[in-house]
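Let's take a friendly walk through a set of side-chain contacts. Please keep the viewer open as you read.

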Amino acid sequence: MQIHTLDKAQLINEVQLGSQLNHAVETGRRSDFALMLAMLSPDYLEKTPTEIPPAEGKTEEELREYFELARPQPLTSTEHCYERAASQADAFHRGGLRSSQFLHELQPAALTFPPQGTKGMPEELYHNLSGHERRRLPPAEEAKLKVSPQDLYLSLIHAKRFAEMHHAA
């Protein structure tokens, strides 16, 4: 019975102690101070929030649309990033650094261009594999199944006929 009453007497917040904690510090009563701190709950989930959560704001997309900002610079390359990078290089050769920077601000290219055709592995690692090990790697793209309901129906009929022939023999 005493265990349950002690659990209920546990303090959640130092505000519940009032000024007793301050008086214990001022008068040098270490034992009282240690007792009061020990009675505080160590669980941070029980603490009452003292900060007001921020109000629901606008999303990044809405803010970009409101301020008429371009889309952010992509982190990895896409199909269009190679064309953009080539046009920026061409702008650098034709008009200098300023035109290349201007074109980059209008249409930013990706920050990284990972190697293609290495099945998601670093280039050094992929080229260090033997031909046998490369063949055992899973395909980069899963092959799409070319099936139709008619082909399925025909294959089911063939399977049924083979099963009937096998049981008859």
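First, some ground rules. This is a predicted model, in which local features need pLDDT of at least 70, side-chain atom pairs count only at pLDDT 80 or more, and totals for chains, interfaces and linings use all residues. Residues are numbered from 1 along each chain as its sequence is written, and side-chain values use heavy atoms, with hydrogens and water left out.

Start with the rings. The structure holds two aromatic pairs; rings of Phe, Tyr and Trp (its six-membered ring) pair if their centres lie within 6.5 Å, with planes under 30 degrees apart called stacked, over 60 edge-to-face and the rest tilted. Tyr66 and Phe67 form an edge-to-face pair, because their planes stand at 80 degrees, with the ring centres 4.9 Å apart. Tyr66 is exposed at 58% relative accessibility, and Phe67 is exposed at 53%. Here buried means under 20% relative accessible area, exposed over 50%, and partly exposed in between (1.4 Å probe, protein chains only).

The other pair is Tyr82 with Phe113: the centres are 5.1 Å apart and the planes lie at 55 degrees, so this pair is tilted. The pair links distant parts of the chain, with Tyr82 in helix H5 (residues 79–95) and Phe113, 31 residues away, in the loop between helix H6 (97–106) and helix H7 (123–128). Helices (H or I, at least four residues) are DSSP runs, numbered from the N terminus. Tyr82 is partly exposed at 33%, and Phe113 is partly exposed at 35%.

Lys58 lies over the face of the Tyr66 ring, 5.1 Å from the ring centre. A charge sits over a ring if NZ of Lys or CZ of Arg is within 6 Å of the ring centre and within 35 degrees of the ring normal. Elsewhere, the charged end of Arg134 is placed over the ring of Tyr126, at 5.0 Å from its centre.

Tyr66 and Phe67 also belong, with Leu63 and Leu69, to a nonpolar surface patch of about 450 Å². Patches are made of residues with over 30% relative accessible area and no salt bridge, where like charges are joined within 9 Å and nonpolar side chains (Val, Leu, Ile, Met, Phe, Trp, Tyr) within 5 Å. Accessible areas come from the Shrake-Rupley method with a 1.4 Å probe. Leu63 is part of helix H4 (residues 60–66) and is partly exposed at 36%. Glu68 lies in the loop between H4 and H5, is exposed at 72%, and has a positive phi near 55 degrees although it is not a glycine.

A polar atom of the Gln88 side chain lies 3.0 Å from the backbone oxygen of Gln107.

Finally, the structure holds four salt bridges, each a side-chain nitrogen of Lys or Arg within 4 Å of a carboxyl oxygen of Asp or Glu. Among them, Arg29 and Asp32 have their closest N and O atoms 3.1 Å apart. Another joins Glu60 to Arg64 at 3.4 Å, N to O; both lie in helix H4, four residues or about one turn apart. Glu164 and Arg161 also meet in a salt bridge, at 3.4 Å, and are separated by about one helical turn because they are three residues apart in helix H9 (residues 149–168).

Conventions. Helix = DSSP H or I, 4+ residues; strand = E, 2+ residues; numbered from the N terminus. Polar contact = N/O pair within 3.5 Å; in protein donor to acceptor, adjacent residues only side chain to side chain.
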